[in-house]
Amino acid sequence: MKHLESVEQFEEMKKEGKYIFLFSAGWCPDCRIIEPLLPEVEEKYPEFTFIYVDRDEFIDICAQNDIYGIPSFLAYNQGKETGRFVSKDRKTKEEIETFIESL
């Protein structure tokens, strides 16, 4: 999974293509639990580019997108937000896949 490098990169990415942004942090235990599942999820949905967004490094992006709980997912397609799976709750692989399939 690629890591977001700048606010400008976030703004450019969400304009074109199909992206799923994963908002996470190194200290988040629920984020660490889903981490081993993510390569499999990425492989199952190759039509999306998955981007890791460090919540602590990009707190302004989180605030602008009403993301106050992690892990959370935000999906964009050609500049439009197509879905969000945002909460502070632990997420299962099945819940993540159901979210992606709903896009």
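S72 is located in strand β4, where helices (H or I, at least four residues) and strands (E, at least two) are DSSP runs numbered from the N terminus. The model is a predicted one, in which local features need pLDDT of at least 70 and side-chain atom pairs count only at pLDDT 80 or more, while totals for chains, interfaces and linings use all residues. Residues are numbered from 1 along each chain as its sequence is written, and side-chain values use heavy atoms, with hydrogens and water left out.

With a relative accessible area of 0%, S72 is buried; buried denotes under 20% relative accessible area, exposed over 50%, and partly exposed in between (1.4 Å probe, protein chains only). Two polar contacts were computed for the S72 side chain, a polar contact being a pair of N or O atoms within 3.5 Å; within protein, one atom must be able to donate a hydrogen and the other to accept it, and residues adjacent in sequence count only if both atoms are side-chain atoms. The side chain of S72 reaches the backbone oxygen of G69 at 2.6 Å, and a polar atom of this side chain lies 3.2 Å from the backbone nitrogen of S87. Leaving aside residues up to four places away in sequence, S72 is in contact (heavy atoms within 4.5 Å) with F21, L22, F23, I67, F85, V86, S87 and K91.

Strand β4 (residues 72-77) pairs with β2 in the antiparallel sense over 6 bridges, pairing being assigned if DSSP finds at least two bridges between two strands. In this pairing K18 stands opposite N77 of β4. Strand β2 also runs parallel to strand β3 (residues 49-54), to which 6 bridges join it, with I20 opposite F50 in β3. Of the 7 residues of β2 (residues 18-24), 6 are buried, so this strand is largely enclosed by the rest of the structure.

The count of disulfides (pairs of cysteine sulfur atoms within 2.5 Å) is 1. The disulfide joins C28 to C31, with an S to S distance of 2.4 Å. The link of C28 and C31 is right-handed, with 75° about the S-S bond, and both cysteines are buried. C62 takes part in no disulfide; the nearest cysteine sulfur, that of C31, is 11 Å away. C62 is likewise counted as buried, at 1% relative accessibility.

Side chains of opposite charge can pair when their charged atoms come close. With a salt bridge defined as a side-chain nitrogen of Lys or Arg within 4 Å of a carboxyl oxygen of Asp or Glu, the count is 10. One of these is formed by D30 and R90 (2.8 Å, N to O). This pair links distant parts of the chain, 60 residues apart: D30 belongs to helix α2 (residues 29-34), and R90 to the loop between β5 (80-85) and α5 (93-101). D30 counts as buried at 17% relative accessibility, whereas R90 is partly exposed, with a relative accessible area of 49%.

A salt bridge is also found between the side chains of D56 and R55 (2.6 Å, N to O). Here D56 is partly exposed at 39%, and R55 is partly exposed at 25%. The side chains of K88 and D89 meet at 4.0 Å, N to O; K88 counts as exposed at 64% relative accessibility, and D89 as partly exposed at 44%. E40, K44, K93 and E97 are linked in a network of salt bridges.
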